[in-house]
Amino acid sequence: MLLVMENVLGADEVQEFRAALAEAPWIDGRASAGTLSVSVKDNLQLDDRCGVAQRLGNRILSLLGRHPLFISAALPNRFFPPRFNRYAGGGHYGAHVDGALMYSDALPQAVRSDLSATLFLTDPADYDGGELAIETPFGAQEVKLAAGDMVLYPSSSLHRVLPVTRGARTSAILWLQSMVRDAAQRALLFDLDQSIQSLSGGRDPADPDLLRLTGVYHNLLRAWAET
Ligand code: NI
């Protein structure tokens, strides 16, 4: 499932992020690439220990923690801290699958990457190329979003970033371990939760059908969730 979430950051927040990132110390992105992806990665990123990256990353996690659509879709258990990257001058990231287990000195244990997210920070009019191309069962989908919008996609999918041929593309990426490991189960819970929320609009909260459906949601979550 690919899920686009609009306005995760508002226009003012995007400007604030971009101003902070313009002054930040960018390094070669190959520093954090695994042995398989090092040959296909050509971008800049901030070191995970960089203060700007940590401060802005925490802001993103705090916003997502209060985002009902994100919670409903991802059912997050553990996060790998957001990483900031920048592509310019033909920079790209060839086809790869994200590493399954992600380690950081800042985390007590590894994070299994069930879902990846890219938060776009540059207005699409300011650069050419730079689409995030994600392989899906229905073919490749190219994603290029407004600044402040985010796409959530399975970490298991083959994906790449096409070369940026004009301007520069800055974004944040993050990975998370979901409480529900199985993507099909997670998708069923998401559909059910969204339908319950939609049906409950204007209905008596004591409506027996609504109560039964809500019970089904929680009992499925109880059966499938790991914490
Ligand atoms: Ni990736």
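Into which domains is the protein chain divided? The chain falls into domain 1 (3-178) and domain 2 (183-224), with bounds that come from an automatic or database domain assignment. This is a predicted model, in which local features need pLDDT of at least 70 and side-chain atom pairs count only at pLDDT 80 or more, while totals for chains, interfaces and linings use all residues. Residues are numbered from 1 along each chain as its sequence is written, and side-chain values use heavy atoms, with hydrogens and water left out.

The C-alpha centres of domain 1 and domain 2 are 30 Å apart. Nine residues of domain 1 are in contact with seven residues of domain 2, where contact means heavy atoms within 4.5 Å.

**Two helices**

Helices (H or I, at least four residues) and strands (E, at least two) are DSSP runs, numbered from the N terminus.

Buried means under 20% relative accessible area, exposed over 50%, and partly exposed in between (1.4 Å probe, protein chains only). In helix 1, the buried residues are Val14, Phe17, Ala20 and Leu21. Seen down the axis of helix 1, these residues fall within an arc of 130°, so they line one face of the helix. The arc is that of the directions from the helix axis to the C-beta atoms. An α-helix has 3.6 residues a turn, so residues three or four places apart point the same way. Ala11, Asp12, Gln15 and Ala22 are exposed on the other side of helix 1. Its buried residues pack against strand 2 (26-28), strand 4 (44-46), helix 2 (51-65), strand 5 (76-88) and strand 16 (168-178).

In helix 5, Leu210, Tyr217 and Leu221 are buried. Viewed down the axis of helix 5, the buried residues fall within an arc of 30°, so they line one face of the helix. The face turned away from this buried side carries exposed Pro208, Arg212, Arg222 and Ala223. Helix 4 (183-200) is included in what covers the buried residues of helix 5. At the start of helix 5, a side-chain oxygen of Asp207 comes to within 2.9 Å of the backbone nitrogen of Asp209.

**The nickel site**

His96 (NE2), Asp98 (OD) and His159 (NE2) coordinate the nickel ion at 2.1 to 2.2 Å. Donors are N, O and S atoms within 2.8 Å of the metal (3.2 Å for Na, K and Ca), and sites may look incomplete, since water is not among the atoms. The donor residues are spaced H-x1-D-x60-H in sequence. Both His96 and Asp98 are buried.

Asn43 sits in the loop between strand 3 (41-42) and strand 4. Asn43 is buried, with a relative accessible area of 6%. A polar contact of 3.1 Å joins its side chain to that of Tyr87; such a contact is a pair of N or O atoms within 3.5 Å, and within protein one must be able to donate a hydrogen and the other to accept it, while residues adjacent in sequence count only if both atoms are side-chain atoms. Not counting residues up to four places away in sequence, Asn43 touches Ile27, Asp28, Gly29, Asn85, Arg86, Tyr87 and His92.

Leu101 belongs to strand 7 (residues 101-102). With residues up to four places away in sequence not counted, Leu101 touches Val111 and Arg112. The C-alpha atoms of Leu101 and Ser178 are separated by 13 Å, and the two residues are 77 residues apart along the chain.
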